[in-house]
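Me: Please show me the structure, and then take me through some of its contacts.

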Amino acid sequence: MRIEVGIPSQTLDLHDNDVVRRYRISSAKNGVGQENGSFCTPLGRHIIRAKIGTDQPVNTVFVKRRPTGEIYTPELAANFPRRDWILTRILWLSGCEPGFNRLGKVDTMRRYIYIHGTPDSVEMGKPGSIGCIRMRNQDLLELFDLVEAGTAVDIRNT
């Protein structure tokens with residue numbers, strides 16, 4: 001299994017020789033880029049370094065990769081209007097290309113770039129995150145169960 005993320009198409013494809021699943025995503029509203037602090041989605045070859053959130057309820061809220069004990073609701077969102085919602089599951093990415101997306105100021109893992117769930121009200125198919133790859137919670141649950149830590153992830157701008 002391997003994952004390809006297409007930035008122009010705003011899709012995530014799961015491959016096992018052929019495309020097994022295709023999901024709509026939302027990448028960074030600032031576009032693509034490697035630099036720490038850019039709030040851009042990094043390009044290139046990555047792997048899933050860690051799978052976080054197994055057995056947590058749908059809409060579990062995560063902060064710093066830890067469940068907060070909260071379950072996302074529109075009312076909770078109204079109380080925290082500026083929060084970047086990381087929900088349900090996290091697939092934490094690590095770059096594989098030293099100097100491009102690994103180590104130093106371009107390290108994807110140190111930038112805390114994830115594939116993660118998001119509120120149902122967030123539009124898919126359009127950039128909107130602050131660097132991560134956002135997915136519908138139900139799509140992420142399916143993907144989470146189909147991949148393992150170490151799965152290759154290629155993020156492309158073509």
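Me: Which side chain makes a polar contact with the side chain of Asp13?
Reply: This is a predicted model, in which local features need pLDDT of at least 70 and side-chain atom pairs count only at pLDDT 80 or more, while totals for chains, interfaces and linings use all residues. Residues are numbered from 1 along each chain as its sequence is written, and side-chain values use heavy atoms, with hydrogens and water left out. A polar contact is a pair of N or O atoms within 3.5 Å; within protein, one must be able to donate a hydrogen and the other to accept it, and residues adjacent in sequence count only if both atoms are side-chain atoms. At 2.6 Å, the partner of the Asp13 side chain is the side chain of Arg22.

Me: Is Asp13 buried or exposed?
Reply: Asp13 has its place in strand β2; strands (E, at least two residues) and helices (H or I, at least four) are DSSP runs, numbered from the N terminus. Buried means under 20% relative accessible area, exposed over 50%, and partly exposed in between (1.4 Å probe, protein chains only). Because its relative accessibility is 8%, Asp13 counts as buried.

Me: How far apart are the closest N and O atoms in the salt bridge of Asp13 with Arg22?
Reply: A salt bridge is a side-chain nitrogen of Lys or Arg within 4 Å of a carboxyl oxygen of Asp or Glu, and the structure holds eight of them. Arg22 counts as exposed, at 57% relative accessibility. In the salt bridge of Asp13 with Arg22, the closest N and O atoms are apart by 2.6 Å.

Me: Where does Arg83 lie, the partner of Glu70?
Reply: The side chains of Glu70 and Arg83 meet in a salt bridge, 2.9 Å from N to O. The pair links distant parts of the chain, 13 residues apart: Glu70 is in strand β6, and Arg83 is in the loop between α1 (74-79) and β7.

Me: How many residues apart in sequence are the parts tied together by Asp84 and Arg134?
Reply: Asp84 and Arg134 form a salt bridge, with 3.4 Å between the closest N and O atoms. Asp84 is partly exposed at 27% relative accessibility, whereas Arg134 is buried at 12%. Asp84 lies in the loop between α1 and β7 and Arg134 in strand β9, so the parts that this pair ties together are apart in sequence by 50 residues.

Me: Which residues are linked with Arg2 in a network of salt bridges?
Reply: Arg2 is among the residues that Asp13 touches, not counting residues up to four places away in sequence; contact means heavy atoms within 4.5 Å. The network links Arg2 with Glu4, Asp154 and Arg156.
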